[in-house]
Amino acid sequence: MPIDPRLPYDENNIFARILRGELPCNKVYEDEFALAFHDIRPQAPVHVLVIPRGPYVSWDDFTLKAPDDEIAGFNRAVGKVTRELGVDRPGYRLMINMGGHGHQEVPHLHVHIFGGRQFRCMICD
Ligand code: AMP
């Protein structure tokens, strides 16, 4: 079910539990600001999620609340992961879903990295 992004951060959401090491993930990268792991239900040959370590529900929550070093560090981590995955050539797609209309299911900010095939339509229902 899509979530309401203005609800308070849920400390027990599945990605918070992965960050605390309570649940496993198939990790591809981590640093001080971010953790990246393979999506459990991949929708492309490469489908990786990058999440900030801090408790942020959405992009607006993150960019309006997080300190500058966290914002810079997280964005840099997304870039590093795309290079490490080797999707930067021939190309890839980033996606962030927010709230009900965005069909966000997990209430912890996550950037989807899709790669490994040609993408066509920008938005498909
Ligand atoms: P969204 O609709 O943007 O909130 O996407 C949530 C994504 O999290 C979906 O693509 C799920 O397949 C993925 N997901 C849910 N649980 C896990 C998990 N335990 N490990 C990895 N990916 C997950």
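The legends below describe close-up views of a predicted model and its ligand. In this model local features need pLDDT of at least 70, side-chain atom pairs count only at pLDDT 80 or more, and totals for chains, interfaces and linings use all residues. Residues are numbered from 1 along each chain as its sequence is written, and side-chain values use heavy atoms, with hydrogens and water left out.

**View 1. The shell around the ligand.** The ligand is surrounded by 16 residues, each having a heavy atom within 4 Å of the ligand, and the closest are Asp39, Asn97, Glu105, His110 and His112. Helix H1 (14-19), a DSSP run of H or I with at least four residues, gives the largest share of this shell, three residues.

View 2. A polar backbone atom of isoleucine 40 lies 3.1 Å from a nitrogen atom of the ligand, while a polar backbone atom of valine 106 is 3.1 Å from an oxygen atom of the ligand. An oxygen atom of the ligand is also 3.0 Å from a backbone N or O atom of histidine 103.

**View 3. The largest pocket.** The ligand sits in the largest pocket, which means that more than half of its atoms lie within 2 Å of the pocket's grid points. A pocket is an open set of points on a 1 Å grid over the protein atoms alone, where a 1.4 Å probe fits and protein lies on both sides within 12 Å along at least five of seven lines; lining residues have an atom within 4 Å of a point. Among the 36 lining residues, Gln43, His47, Asn97, His112 and Phe114 are the closest to the centre of the largest pocket.

Terms used:
Polar contact = N/O pair within 3.5 Å; in protein donor to acceptor, adjacent residues only side chain to side chain. Helix = DSSP H or I, 4+ residues; strand = E, 2+ residues; numbered from the N terminus.
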